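Work through the exercises below with the sequence and the 3D structure open. Try each task before reading its solution.

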Amino acid sequence: MRFLFKTDYDDDIRLFPHSGYVVSYGLLIAVLLIAPYVLSSYLMSQLVFVCIYATVGVALLILTGFTGQASLGHAAFLAIGAYTAAYLQKYNVPFPVYFLAAGLLTGLIGALVGFPALRLQGIYLVIATISFAFIVEEILARWESVTNGNEGMRIKTLSLLGVAVPRDSPAFYFLCLAVLVLTIVGTLNLLRSPTGRAFVAIRDSETAARSMGVNVALYKVKSFAISAAITGFAGVLFAHKLSFISPEMFTLQLSIEFIIVILIGGTFSLHGAVLGAIFIVMIDPFLTYLKDDMPGIIAGVAATFGAGAEAAANVQAKVAAFASLNGLKGAIYGVIIVLFVLFEPLGLYGRWLKIKLFFQLFPLYKRATFKRQKIYVKSERNR
Amino acid sequence: MSYFRAENLSLHFGGLKAVDAVSFAVEKGEILSIIGPNGAGKSSIFNLISRIYRPTSGRIFFEDQDITEEPPYDIARLGIARTFQNIELFENATVLANLLVGRHRHSTTQLWQELLFLPSVRANEKLHRRRVEQVIEFLDLEPYRDKLISGLPYGVRKVIELARALCSEPKLILLDEPSSGLNVEETDDMSFWIRDMKSELGITVLMVEHDMSLVNRVSDRVIALNYGRVLAMGSPAEVQQHPDVVAAYLGA
């Protein structure tokens, strides 16, 4: 175990507390840079989605993880970013301009959503953001002159400074990676400055934050705006990656996927957003694989346990019918959320920290280290 | 003109008069204690000053400025810091982060500067950090700098709350029961710190307290409240011998 001897206030400020971090993150970046030349095109495509989901995850962490304002409406912010890009692209606006415009517009709308949200807390805020998402979805479907309604919009190949960047090229992956890395660095910068601390203060005690001079309303709106803007940027990349967008892509289920990203990754650290993004992007092919192969496997098992060919086929058909039920995916997501909240509230990153500590302290690790501490008297009166 | 002044301050919840036409003044550099039985309206007065409640009537002046209509976050900016009776710390943050929030009223950096963490932001952070370190030293909090609040014992939290208030470099500090839940030694420490806050840091202290030994040790003046009304005002000894105060505590 390494002990840090701090000799300078910079020791508390720097992003990498010691050289070990530089080495490990350097290695990670190196791996990510050579990935497109090693991995198959399918995995590359998945990696691009991981970058996009992780970007949204970071955005959601700022709002939900650090400011404590739950949102089930981030699919709508993503949609606004995506549609802004698609609309502006029709008028031959260059990529850097519509990329920024999408972020700004989404940020502005995020701030507008933030204002009514000032008076809402907890579950009521969740309902308000869900309603917002439904309103946006409905607008996208009805405002045909701009959004082309339910027929959706095509997005042309991205062209950056005159160079075409196809959606499955390494260059597009690097663009997504760059956006993710910049988002993470910006967020980390924010978290070590007064604004980030004000966010955390609002999350933990609005009363105390207020009496320390934090303008709670202003910072909540700021948090909404920043979170929405980042999601808007991710939306542009999302649109380019899919090359076609329509309202039914930005449903409640997508918002729930974003919540899963941070819930499963861990809501207390930005690592969580990345781990959660990997989880959510990789679980989809896994579920598809189960759906395709599970009936056959179960039938095979049934056959080895003495079921006749007819009975085995019967079992296979039943399992297949179950596996292709509507809404099964949503149910599985629900179960995953419940299990994580119950058994791994700190998420995947929390699990990683536990494993790390286990080896650092071996053989003295105590499970109780990560038990939630009892919270003493806390008044809810003066919210 | 006095430093801090409340004039005919009232707070009514329907028919209940939590605070009823209370007037008092605090002189610069003094320690004024408010005492009274439970429900006398002591904490309500604090909540009125820090604008958690809006007064039904009456006015509050600080440094000859009417602050009755100021928004809550501006109260801290004017130089009034407070602690809470039931500790209100930022549970899932480190002690340092908590104390740095206390510096919030001195932060001057803009959002875009912070996103890029420009040298000016770094310089500001170091300045805040240095000020926080002075408070840490003043209150002997060195062992806890990087600890999470949620893992700390009650007595330490109480001190951290005081530290957070001091980090904002207040001119007037409102202490809501600084000794509640503390043992004898901790209460002793607290009384020295309150004294030092006055003599070394030049802070005016307004305090609500039940522990009469602490009140006697540190207060310059005492106000006794009951049912939202002022019963007596004066030196600690005078107030304790006042017949109305004795009646309020012991029954007539």
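**Exercise 1.** Among contacts in chain B between residues at least 6 apart in sequence, what percentage join residues at least 24 apart?

*Solution.* The structure is a predicted model. Take the contacts of chain B whose residues are at least 6 apart in sequence; 67% of them join residues at least 24 apart. For chain A, residues 24 or more positions apart account for 74% of the contacts with a separation of 6 or more.

**Exercise 2.** Repeat the comparison for the 383 residues of chain A.

*Solution.* Chain A has 16 helices and four strands. Its radius of gyration is 23 Å, close to the 21 Å from the globule rule for 383 residues, so chain A is as compact as a globular protein of that length. Along the principal axes, the C-alpha trace of chain A spans about 70 × 65 × 50 Å. Buried residues make up 39% of chain A.

**Exercise 3.** Check the span of helix H5 (residues 119-138) of chain B, then find where its buried residues lie.

*Solution.* Step one: the length. H5(B) has 20 residues, and at 1.5 Å a residue it should span 28 Å; the end C-alpha atoms are 29 Å apart, which agrees.

Step two: the buried residues. These are Val121(B), Asn124(B), Glu125(B), His128(B), Val132(B), Val135(B) and Ile136(B). They cover an arc of only 120° around the axis, which puts them on the same side of H5(B). An α-helix has 3.6 residues a turn, so residues three or four places apart point the same way.

Step three: the other face. Turned away from the buried side of H5(B) are the exposed residues Pro119(B), Ala123(B), Arg130(B) and Glu137(B).

Step four: the cover. What covers the buried residues of H5(B) includes helix H1 (10-13) of chain A, and helix H3 (95-102), helix H4 (111-116) and helix H6 (154-167) of chain B.

Step five: what follows. After H5(B) comes Asp140(B), with a positive phi near 55°.

Technical notes: Residues numbered from 1 in each chain as written. Chains lettered and ligands numbered in written order. Predicted model: local features only at pLDDT ≥ 70, side-chain atom pairs only at ≥ 80, totals over all residues. Helix = DSSP H or I, 4+ residues; strand = E, 2+ residues; numbered from the N terminus. Expected span 1.5 Å × (residues − 1). Buried ≥ 20, exposed ≤ 12 C-beta atoms within 10 Å, placed from the backbone. Arc of directions from axis to C-beta. Contact = placed C-beta atoms within 7 Å. Rg over C-alpha atoms; globule rule 2.2 N^0.38 Å.
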